[in-house]
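Student: I have just opened this entry and would like to be walked through it. Could you take it slowly?
Tutor: Gladly; here is what we will be looking at.

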Amino acid sequence: MEDLDQTFIQAPEHRADSNSIPNQPEEIPVIDLSRLNDPEDIQKRDEVNPAGYHDGEHTKNVRDWKEVFDIYFKDPMVMPSSTDPEDEGLRVVYNKWPQFPSDYREACQEYAGHAEKLAFRLLELISLSLGLPKERFHDYFKEQMSFFRINRYPPCPRPDLALGVGHHKDADVISLLAQDDVGGLQISRRSDGVWFPIRPVPNALVINIGNCMEVWTNDKYWSAEHRVVVNSTRERYSIPFFLLPSHDVEVKPLEELLSPENPPRYKGYKYGKFYVSRNRSDFKKLEIQNIQIDDFKVVT
Ligand code: OGA
Ligand code: NI
């Protein structure tokens, strides 16, 4: 201390070596402001870019009792920039990765890689089951919009009043759902609409058929209505991987499966436009029922 002028000397309790640890704790995030000029990047998650964290999702105009984190399989991903059928504009959207946990991104990417491979194997089996070549569907996925979601359903004080996810059909091709052992997924029986639980099976995934498969196969494969009930004591996690086609795919019944006895039951629709229209209602309560696959049913 002999060389330092008295005027610089801190009181002992304020000195650098008092009450300190050598390394920065992990919780200190680095906030990257470099993309602040991009309006898309300012929000956390919204209907324009649904990637990332969100707890305001609505199904059929009622808010779901859950938190989600959405991750695109392709990063960046291309999607239509508006719901207007005349507008051919496209938007490039990116995943939104949190700083911590530091291995989150890698773990998610690894999971998505395996899930997508499995989804394609199932797709090929479905194709063979229809008497079609194994690769019949492959061209529809060149710019696939697939994504996966980490769902957390917190304990709910009134499980009698709210649902984790309201009744719906998945709007994709097929979904692969991983879940913990809590349970809560219910499915509506096709014959009478009665709801019953899907018991979690250890190390197994729940496979759901989505709207696209229903349309492609002219209702031969059927998309089941399902929902998630919550409970007042245990939180629940589930991770669905949604296999989605490219935005520019016109989804319509496959010609090979049609005949005079089996005329098309659906009009075609552009997948990307359907997807962005659906997203509009996922984020807020709309005054009207949002677009549903039945809107494309051919009236007979
Ligand atoms: C969904 C869904 C079921 C579940 O996210 O579309 O149906 O068990 N999830 O979390
Ligand atoms: Ni679902």
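Student: Which protein donors does the nickel ion (ligand 2) have?
Tutor: In this predicted model, they are His168 (NE2), Asp170 (OD) and His226 (NE2), lying 2.1 Å from the nickel ion; donors here are N, O and S atoms within 2.8 Å of the metal (3.2 Å for Na, K and Ca), and since water is not among the atoms, sites may look incomplete. Along the chain, the donors follow the spacing H-x1-D-x55-H. His168 lies in strand 8 (residues 165-168) and His226 in strand 13 (residues 226-228), so the pair ties together parts that are 58 residues apart in sequence. Strands (E, at least two residues) and helices (H or I, at least four) are DSSP runs, numbered from the N terminus.

Student: Is His168 buried or exposed?
Tutor: His168 counts as buried, at 12% relative accessibility, and His226 counts as buried too, at 6%; buried means under 20% relative accessible area, exposed over 50%, and partly exposed in between (1.4 Å probe, protein chains only).

Student: And what about ligand 1, how far is its oxygen from a polar side-chain atom of His168?
Tutor: That distance is 3.0 Å for His168, and a polar side-chain atom of Asp170 lies 3.2 Å from an oxygen atom of ligand 1, while for His226 the value is 2.9 Å. The residues around ligand 1 (a heavy atom within 4 Å) also include Asn151, Tyr153 and Arg236.

Student: Changing topic, what order do the strands of the open sheet have?
Tutor: The open sheet of 6 strands has the order 1-4-7-14-9-12, with antiparallel pairing, where two strands pair if DSSP finds at least two bridges between them. Strand 1 (52-54) and strand 12 (206-209) are the edge strands, each pairing on one side only.

Student: How many bridges join strand 9 and strand 14?
Tutor: Strand 9 (residues 174-179) and strand 14 (residues 236-243) pair over 6 bridges in the antiparallel sense, and Ser175 has Phe242 in strand 14 as its bridge partner.

Methods
Residues numbered from 1 in each chain as written. Chains lettered and ligands numbered in written order. Predicted model: local features only at pLDDT ≥ 70, side-chain atom pairs only at ≥ 80, totals over all residues. Heavy atoms only, no water. Polar contact = N/O pair within 3.5 Å; in protein donor to acceptor, adjacent residues only side chain to side chain.
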